[in-house]
Amino acid sequence: MKNIAALLSGLVFGLGLTLSGMSDTTKVLGFLDIAGAWIPDLAFVMGGALLITIISTPLILKRSAPLIAAQFSLPTKQALDRQLITGALIFGIGWGLSGYCPGPGLVSLLYGYESTLVFCLAMLLGMRLEHRFSAGR
Amino acid sequence: MSEFLAPTAGGLLLGLAATWLLLSLGRIAGISGIAWGALMGPDRDWRWLFLVGLLAGGAVTHLLLGLPQPLESKAPLWLMVVSGLLVGYGTRLGGGCTSGHGVCGIGRLSARSFLATGVFMAAGMATVFVVRHVAGGLS
């Protein structure tokens, strides 16, 4: 049951990512290129997504538990710390280099492009390296 | 106006997918976290199925709805390696990506997610600015 629920969420998420244009690196880089011929499309993606989550999230969290799990598993960190800012900075630079963030990168594996596969493997390696370096923290 | 229809519809679907995952499993639809958890565990199964669904959703868009698939990036492979390494490292260190912070985190009004989203958007824009308008393009 949990797996079917997750599959369904992934399906709709993948549909949304590809329909929205997020899996098109030309559009993503065009959106980030505010000094060039700016392509505003992706602001509508985030706007559309937030329109739903801002309304739905507080309503759902009023429940004592989710439908098919014992409890909510939400991030507990509150601190606006250096890791958060450095991590977001590093991620943003990487995003601006290729136009891929994790979701669009993974869903684009579907297209069978060599560059997408290289991006995704490097991304997993990057995650692994962070895990290694942060083990001592 | 019609050119904003697909991005808006896609965005609404992302919001619905995140809403469903929170309602059903009580989980945040953050792709970097789900991908990492699928590899490292614990509780891998639902994450793998989410990722299978993710690709299946893409197939629905391009095969069933018939939208043309995007062209391959013209960036050289070394740049994809650098980009991937930074995206992987940064999203783990910063605890999330565009989906986890940008959609889910802001949706639950998390101060960390507002800050992270502001920083990675600004960093992405600054990077594209430097690459395209200072360095004259890498690809």
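Axes here are lines fitted to C-alpha atoms, for helices over the stretch in contact, and angles run from 0 to 180 degrees between N-to-C directions. The model is a predicted one, in which local features need pLDDT of at least 70 and side-chain atom pairs count only at pLDDT 80 or more, while totals for chains, interfaces and linings use all residues. Residues are numbered from 1 along each chain as its sequence is written, with chains lettered from A and ligands numbered from 1 in the order in which they are written.

Chain A comes out with six helices and zero strands, helices (H or I, at least four residues) and strands (E, at least two) being DSSP runs numbered from the N terminus. Read from the N terminus on, its elements go α-α-α-α-α-α. The C-alpha trace of chain A spans about 45 × 40 × 30 Å along its principal axes. Of the 137 residues in chain A, 53% are buried; a buried residue has 20 or more other C-beta atoms within 10 Å of its own, an exposed one 12 or fewer, and a partly exposed one falls in between, with C-beta atoms placed from the backbone. As for contacts (C-beta atoms, placed from the backbone, within 7 Å), residues 24 or more positions apart account for 38% of those in chain A with a separation of 6 or more.

Now to the interface. Here 98 residues of chain A are in contact with 96 residues of chain B. On the chain A side, two or more residues each come from α1 (2-20), α2 (25-32), α3 (41-61), α4 (82-98), α5 (102-107) and α6 (114-134), and α1(A) gives the most, with 18 residues. Sorted by class, that side has 61 nonpolar, 31 polar and six charged residues. For this sorting, Ala, Val, Leu, Ile, Met, Phe, Trp, Tyr, Cys and Pro count as nonpolar, Asp, Glu, Lys and Arg as charged, and the others, Gly among them, as polar.

The crossing of α6(A) with α4(B) is right-handed, meaning the near helix is turned clockwise from the far one by less than a right angle, with anticlockwise for left-handed. Their contact has 18 nonpolar, six polar and two charged residues. Also in α6 of chain A sits A:T116, which is buried, with 25 other C-beta atoms within 10 Å. Leaving out residues up to four places away in sequence, A:T116 touches A:G105, A:S108, A:L109 and A:Y111.

Within chain B, helix α2 (residues 31-40) packs on helix α3 (residues 45-64) at an angle of about 125°, with the axes 8 Å apart. The contact involves B:I34, B:A35, B:G37 and B:A38 of α2(B) and B:R47, B:W48, B:F50 and B:L51 of α3(B). Helix α3(B) has 20 residues and reaches 27 Å from its first C-alpha to its last, close to the 28 Å expected at 1.5 Å a residue, a span taken as 1.5 Å times one less than the number of residues. Its buried residues, including B:W46, B:L49 and B:G57, are covered by elements that include α1 and α5 of chain A together with α1 (5-25) and α2 of chain B. After α3(B) comes B:G66, with a positive phi near 75°.

Notes
Two residues are in contact if their C-beta atoms, placed from the backbone, lie within 7 Å.
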